[in-house]
Amino acid sequence: MRILKYMFGAAALVALVVSCKVNDSSSSTGWEYNNPEMGGFEKAPFEEQEQGPGLVLVEGGTFTMGRVEDDVMKDWNNRPRRVTVSSFYMDQTEVTNFHWLEYLYWTKRAYETYPMIYKNALPDTLVWRSPLAFNEKYVEYYLRHPAYRDYPVVGVSWLQANEYCKWRTDRVNEWILIREGLLEFVPDQADGETFNTESYLADQYDEGVIMEDQLDDYNPNNLTGRKGNKPGKRKVRMEDGILLPRYRLPTEAEWEFAYYGLIGNLQNENAELITERKQYPWNGHWVRQDNEEFTGAIRANFVRGRGDYMGVAGNLNDAADVTAPVTAYWPNDYGLYNMAGNVAEWVLDVYRPLSSEDFDEFRPFRGNVFKTKLLNNEGIVDAKNQQVMYDVHGMKEYLNEFERVRYQRISADLHNPEDTVIPVGINKTNESEFPVKSGYAPDPFYVSQGFVKDSIELSIIRQINEVLDIAVDRKNRKYDIEASMIVQERIFDEIFADELREGPDGEVYAFEIISILRDGFREFIEDVPGRLRYRNVTEEENIGRLNYRRDDYIDYLDGDIESSIFYDNEERKNDINQAKRNPDLIMYQNTYEEYNLSGQKVKAGGANTAAWPTTLISDKSRVYKGGSWRDRAYWLVGGNRRFLDEGQATDYIGFRCAMDRVGSPVGLGYQDQK
């Protein structure tokens, strides 16, 4: 008999007996559990969800989400509304540089064949640069120097933060299986054979599995032994309660609820009265300590006034020029550090100004895109990824944009990409989200050659375009694996690897555009080897369903046809339903869309000149919460909200992870406590 003994934090742990029977029978049928002679249906002796590393329990409840002070920015995007949040777990601190270095080390080692996966995980250290400040020490040292190892990681996009959460889920569950003797250490995991929780549960991971030490299988069809009376062996299932739910970003409602820590403001333990509504994670409307021992001390890391980032020499108040260690200052009543100040934090939600008017009162969230595991023709989970999966449409758009920016942002309508000279009179028109007037100049070589394209560069771009056209065609015909394989083999393994420029004396030079394009293309990695494949749900498979029909609800009631000026236009609705009109071109347009709400091209400057949508809000705009070392006290307030594109990063946005709490909202004996 093996009993789980290890414990993370203060939570009671899962008690699981592997090899002994539970003398229990069904209250529904009377059949005994864990008995092969009675069918072998198993009941694991589960007691409690194990608390994952770094997490603390945030007991849920009801609270008023939204504005708690004057809306000085006049955004009107956080109307107060009462909602309920379930209990969940949340990181006690922001994710640190050292946490991220561990992630980078593992990624580089595990995906040695695909170095672009490692590069895609690298934070953007250049976010520290400013045209009129000298911040190179942070560019060079902030991420990797041990002096900053306990400081929050920055330069991380929303997409990168989500990839970290996936990686962390797998590493924690892998360690739990190793700790329980169900899995061996496999230090040389690589590419498609890396441990993935979902692949393991789908029986598509066998590296390091010790079958003789697996859990007993009481299915009478799997009995072993000379007399056929011994239980067989099986891998862990979700029903055993051993593996943890996935790490993820907190929703905006969860983050804001955890921020206030209102559990400390109950009138008494038997009352439901909160004595004071908070503006910050602490009581009161001031940002200095009022306790006698610490009177006057700043409670968080933020900008106190113009040019005052750290206080006066000899008496540095917040003692942080940029960020501070993640355990600096006082935690809130949940024990969470730096919920106000230090770095702002990504949350899971897509930004809409009026979300508070539309979302559910229970577990509110905007951003649902419903997916399901990809099945094969036999109806079982399809084989996991064995290669990197690319967004080939995004790569094609990026390459077109790359050529426009490098060669004076020419209009695609008027320019033949086969030309080596830009026709006179159109070289100032633009079809870019970064217009010429914003100060970007074309490539110096291009200008010095009389606005003549570099013929070798043009040849490389043409080769890549030809490959991407083939890949896009495969993708459109739903040959996803082949599309990504073409990109990997013909672009990364051939064009990028072989193209070199030879100098007049025989010396070899690398092409500048190849290194630029390699870094640009890595942002279009959709998935990595070793994971199961998913697809969006379809309306036809949801016929008759009452709660939802389609896959994407990001625009629901704030951006879709019902919330636009065409809400009662039956002709417009029919055009969308009959696929004559793109349903996404309604209100909040994305970067590469060229048409307005009426279906006409967006115009800028004159005939034959297309421009990009000017709205900053799209389906890729993600909410971030809380103030940072760069912000004034206004942004420290928990109800205030801002947004940024999910692929962008700054020097003042970090994140922390969350995890679902399953079962009782507070733990064992909950009913007995009431």
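This is a predicted model: local features need pLDDT of at least 70, side-chain atom pairs count only at pLDDT 80 or more; totals for chains, interfaces and linings use all residues.
**Helix α10**

Helix α10 runs over residues 455-476 and has 22 residues. From its first C-alpha to its last it reaches 31 Å, close to the 32 Å expected at 1.5 Å a residue. Its buried residues include Ile460, Ile461, Ile464, Val467 and Leu468. Glu457 and Asn465 are buried in α10 as well. Just after α10, lysine 478 takes a positive phi of about 70°.

**Nonpolar cores**

The largest nonpolar core has 90 residues. Ile464, Phe521 and Phe655 have the most contacts inside it. Helix α4 (residues 158-179) gives the most to this core, with 9 residues. A second, separate core holds 34 residues, among them Trp255, Phe359, Tyr588 and Ala658.

Isoleucine 464 belongs to α10 and is buried there. Leaving out residues up to four places away in sequence, isoleucine 464 touches Leu399, Ile491, Ile495, Phe496, Leu517 and Phe521.

**Salt bridges**

Side chains of opposite charge can pair when their charged atoms come close. A search of the whole structure finds 43 salt bridges. Three of them are listed here.

| Arginine 661 | Glutamate 48 | 2.7 Å |

Take arginine 661 and glutamate 48, whose side chains meet in a salt bridge. Arginine 661 sits in the loop between β20 (658-660) and α14 (670-673), and glutamate 48 in the segment before β1 (55-58), so the pair ties together parts that are 613 residues apart in sequence. Both arginine 661 and glutamate 48 are buried.

Arginine 531 has 13% relative accessibility and counts as buried, because the cut-off for buried is under 20%.

Glutamate 136 is partly exposed, with a relative accessible area of 21%. Arginine 129 counts as partly exposed at 48% relative accessibility.

Salt bridges also form a network, which links Glu42, Arg234, Arg237 and Asp240.

Key: Residues are numbered from 1 along each chain as its sequence is written. Side-chain values use heavy atoms; hydrogens and water are left out. Helices (H or I, at least four residues) and strands (E, at least two) are DSSP runs, numbered from the N terminus. The expected span of a helix is 1.5 Å times one less than its number of residues. Buried means under 20% relative accessible area, exposed over 50%, partly exposed in between (1.4 Å probe, protein chains only). A nonpolar core is a set of buried Ala, Val, Leu, Ile, Met, Phe, Trp, Tyr and Cys residues joined through side-chain atoms within 4.5 Å. Contact means heavy atoms within 4.5 Å. A salt bridge is a side-chain nitrogen of Lys or Arg within 4 Å of a carboxyl oxygen of Asp or Glu.
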